[in-house]
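Here are a few friendly notes to read alongside the model. I have kept them to how the pieces pack together.

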Amino acid sequence: MNMLFGKLKRFWGKSIIYRVFIKKYKRYFIIGTLSLIAVDIVNIFPPLLIKRVIDILAKDVSLTNIAAISGLYILVSFFQGACRYLWRMNFIGTSFRCDYDLRMSFFGHIETLSQKFFQKYKTGDLMSRTTNDIGAVRMAVGPGLLIGLDAMFYFFVIPPIIIYLSPKLSLYTFLLMPLMPFIAYKVKAVIDKRFHDVQEQFSRISEKVQENASGIRIVKSFNMSHQEERILRSQCNDFMKKNLKLAIPQALIGPAFEYITYTGIVILLFMGGKMVVEGVITLGTLVAFQRYISMMVWPMTAVGWCLSLLQRGSASMKRIDEVMDERSAIVLKDNISQNFTPHGDIEFRDINFRYDSQKEWLLKGINLKITAGQRVAIVGPIGSGKSTLVNMIPRINPVNDQNIFIDGVNINTIDIKLLRKHIGFVPQDTFLFSEKIADNLLFGIETQDNRNNVQELARMVGVDAEIQELSGRYESYLGERGVNLSGGQKQRITIARALAINPTVIILDDCLSAVDARVEETIIKNILKKFQNKTLLVVTHRLPAVRDFDMIVVMKDGMIVERGTHEQLVKLNGLYTSLYTKEVLEERLGQERGQKLEA
Ligand code: ADP
Ligand code: MG
């Protein structure tokens, strides 16, 4: 017995009704339930009143009696209306509060997760979880809970009343009743599975649409619109079919219950009619009896509906929990320092890194010391691990303790927000929000009064003139991923955005690949001038642009193979020299080609 109780308690603790609704909104739950019960209690009486009226009419007609009963009826209806308002506000209204809570904590959680998570879950899938699944949970804890409570009330209250009215007649009607829970149970299992299929398919469709919207240029340039349309059509077709398949059990369950109930009523009228003729029961009793049986139709149907809403809600909650249980690969410590104003010394100590513990090391034994204010370039062939390495400084990639130090402090012991506040990071792939240019530039700035400063930064990265030419200037909206800007313009805006926070350490990861070599050089020079005592790390394949840097680090296969100044490296006549020569040749060729085209 105790065990059963414990089990029930655990089940209750895990149920979405408790977790999402009651735990936080107990007050609303209680008010809602009380007003619901009040409405239901009031609902229970009219058949008894009608029975009295009919029985009175059958004996002697007393107008005062009927007037009193009618007056009561009107009063009661008003009371019911008020209570209905209350339960609606408390159940349905609160379900929207739950929806809000859930969505905010879901989104908040996603924001804390690291890259690894975003590689595992596709965007469309996450979108469907934040919209559809949270919606399904809301339906379960709002209408689902409400319907369930309502049905439960009738189940507990009506049977005793009809047994009281006529035990014999009740027996006939109850004979058919056990069929219902049985059907409900069977159908529920089918609904569960089909609903899951529908949700999965919806995720697939969202994913496809999302990918096509962001990759529209690729889709068009490869003439793949028709192909993509075909895929989407087949996906939507599947979605429709799966929904129709789900609709079958859902559509059947209601009518099946009604059919059973109405068969009961027919039997009742036949048997009851006989009993009235024989004088065993009064006509009023039969009428009241029939009314109560009709009242049972709703809870019978409601059970199936409620179960399916709860089931969907639980299935969706599982999908939400799946994400909520994900942990960031970046482990945050508790006892972190909240005070940190770095000068900008960076030290990489014995870094070995891989994304996947199954694979081989991507970074192998990286040791590198950079003093504050130094300008360091990281160069090397594609795939040599440059991005992986610089991604570690703002802890986009996880970092082991004793791996990276800023001003001699292990970066894992610094509050991650604080750390990132001091790092102006421009990742390799540009991303701009579909917002105004100004808002994109000010993305990392909390106060909105730096507009002049931002224009100055835009000028420094050579994009101010181009922004001024747009009709809306800094107020122009960018399309999805900034479709209305060129690659080079977007890259320069992302640089200005990173510089706008006035960072101590600036990291540019190959972020000028879309502008030509001379422009890259000018931009780097401008940054050097403006951010003189800041630490600057530039990853680039344009070696001439970083010729004058304090240190050039050459990476290959996850290792640092050469390091030094340009002169020192040229003397080595190794990888750097060959990369440099190649780049100079290519740039010259590019210029000549350009001149020819101009001529
Ligand atoms: P680089 O910037 O020098 O071109 P990267 O650091 O981007 O090189 O990549 C180094 C290697 O790590 C490549 O082989 C790449 O495939 C792999 N890699 C990069 N990012 C990831 C990731 N997020 N997950 C798994 N492997 C990755
Ligand atoms: Mg890279």
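**Notes on the sheet and a helix pair**

1. Ile 507 has Leu 537 in strand 8 as its bridge partner. Strand 7 (residues 505–509) and strand 8 (residues 535–539) run parallel and are joined by five bridges. Strands here are DSSP runs of E, at least two residues, and helices are runs of H or I, at least four, numbered from the N terminus; two strands pair if DSSP finds at least two bridges between them.

2. This is a predicted model, in which local features need pLDDT of at least 70 and side-chain atom pairs count only at pLDDT 80 or more, while totals for chains, interfaces and linings use all residues. Residues are numbered from 1 along each chain as its sequence is written, and side-chain values use heavy atoms, with hydrogens and water left out.

3. The open sheet has six strands in the order 6-7-8-3-9-10, with mixed pairing. Strand 6 (423–426) and strand 10 (559–564) are its edges, each pairing on one side only.

4. Helix 20 (residues 517–530) packs on this sheet and touches strand 3 (375–379), strand 7 and strand 8; contact means heavy atoms within 4.5 Å. The direction of helix 20 makes about 165 degrees with that of strand 8 (angles run from 0 to 180 degrees between N-to-C directions, with axes fitted to C-alpha atoms, for helices over the stretch in contact).

5. Elsewhere, helix 3 (residues 26–44) packs with helix 5 (residues 63–112) at about 145 degrees, their axes 8 Å apart. Among the contact residues are Phe 29 and Leu 36 of helix 3, and Phe 79 and Trp 87 of helix 5.

Methods
Chains are lettered from A and ligands numbered from 1 in the order in which they are written.
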